[in-house]
Amino acid sequence: MRKTMLTIIWPLLFLATFASSIQSKVLIPAPPSLAANAWILMDANTGKVLIENNADQQLPPASLTKIMTSYIVAKDLENGRINEDDKVPISVTAWKMGGSRMFIQEGTKVLLSDLIKGVIVSSGNDASVALAEYFAGCENAFADIMNQQASLLGMTGTHYSNATGWPDDGHLTTARDLALLSRALINDYPTQYSIYAEKYFKFNNIDQTNRNSLLWRDSSVDGLKTGHTEEAGYCLVASATRKGMRLISVVMGAKSQAARAQESQKLLSYGFRYYETNKMYSAGDVVEKDAPVWYGTENKVNLVVSENVYLTIPQGSKKDLKSKIVLNDIIEAPLTKTEELGKMSVYLDEDTLAKFPIFAEHSVDEAGIFERLWDSLEIMFMGFFE
């Protein structure tokens, strides 16, 4: 009878253990397949890519180009080199631009703040050229600035020929680069980014509507930009926030206006349904108490993170996160709060999700000569018996 019971119990114990190991891992359904040439979904806070397909393929960006145009404007506004109430002269070149327009008139002067909205809300090619000429003298020179900025942002697959997205053989970018640019705009210049949520813009007694239809369909969406040419197809960079998590989606080369909105919605819905972003630590949080300090006026110091730490993880997996701290071999005074003393890693199963430096909570001065000598002897003693 005892043997029979054991025969039954052991398989049950094995199954229970096996089931427990399965439950410890959060299963994420396969991402949706999109009707587009390339796409990517990125968390705006952490930069984590949740889904991608052909994300590094160089493609024509059409009017998605204007995200960079507006980024450069935002940067100069922040640095005080220009002002929103600047009056920008309108050239014949800008006035004659075809495609989408804000309907500025040659020979007039337009407030820079209106031109910004003309670029972002109306997707005006005329407004983009007017800004490029105001910034750099001509559009070609402005394109050089755009390329320099792209390099600074790590947009390795991007080359700009103009400020509008007007078709040109060498004017190319990637879905990944557009996500990087959009993330920089959102995080670096939130005031400028807020304009992307505006649904309407009226100029010269002409009412125009933002072409991003997701602004009407999804209340969590507050940007960014549409684009379309025959070569590029229908493109959309969108961003939305739900429960403190902001995602950026990029869809390039869809077949219609409706398709680019629908495919973008697929990406955003998938990301919000199956992932979450958590603030794991705030700047200054103690992650290690009483780390030993040698040669100092204090022999212990708490270790902290210097910046906020966010992680994008599968929904419900926060409880499974593990952390590990690796300190420098010997922490020696004098110490400053900016001196890196080790690294902390956060894991989920076998994957390293984040790795970041840790620092002393406060400075520690060097001790006197006798205290330092005593510490030297103690270190030698410890080394002798290792």
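Which residues are buried in α6? Residues are numbered from 1 along each chain as its sequence is written, and side-chain values use heavy atoms, with hydrogens and water left out.

Confidence comes next. pLDDT is the predictor's confidence in each residue, from 0 to 100. The chain has a mean pLDDT of 88, with 89% of its residues at 70 or more. Over residues 1-24, however, the pLDDT is below 50, and this stretch has 3 contacts (heavy atoms within 4.5 Å) beyond near neighbours in sequence. Where pLDDT is low, the predicted coordinates should not be read in detail.

Now to helix α6. Helices here are DSSP runs of H or I, at least four residues long, numbered from the N terminus. Helix α6 spans residues 139-152, and its 14 residues reach 20 Å from first C-alpha to last, close to the 20 Å expected at 1.5 Å a residue; the expected span is 1.5 Å times one less than the number of residues. The buried residues of α6 are Glu139, Phe142, Ala143, Met146, Asn147, Gln149 and Ala150. They lie on the same side of α6, because they cover an arc of only 160° around the axis, taken from the directions from the helix axis to the C-beta atoms. Buried means under 20% relative accessible area, exposed over 50%, and partly exposed in between, with a 1.4 Å probe and protein chains only. The face turned away from the buried side carries the exposed residues Gln148, Ser151 and Leu152.

What do the buried residues of α6 pack against? Their partners are α2 (66-78) and α5 (125-136). Met68 touches, among others, Met146, Gln149 and Ala150, leaving aside residues up to four places away in sequence. Met68 is also one of the residues with the most contacts inside the largest nonpolar core, which has 60 residues. Such a core is a set of buried Ala, Val, Leu, Ile, Met, Phe, Trp, Tyr and Cys residues joined through side-chain atoms within 4.5 Å.

Finally, His171 sits in the loop between α6 and α7. His171 is buried, with a relative accessible area of 2%. Its side chain makes a polar contact with the side chain of Thr65 at 2.8 Å, and reaches the backbone nitrogen of Ser161 at 2.8 Å. A polar contact is a pair of N or O atoms within 3.5 Å; within protein, one must be able to donate a hydrogen and the other to accept it, and residues adjacent in sequence count only if both atoms are side-chain atoms.

Methods
Predicted model: local features only at pLDDT ≥ 70, side-chain atom pairs only at ≥ 80, totals over all residues. Helix = DSSP H or I, 4+ residues; strand = E, 2+ residues; numbered from the N terminus.
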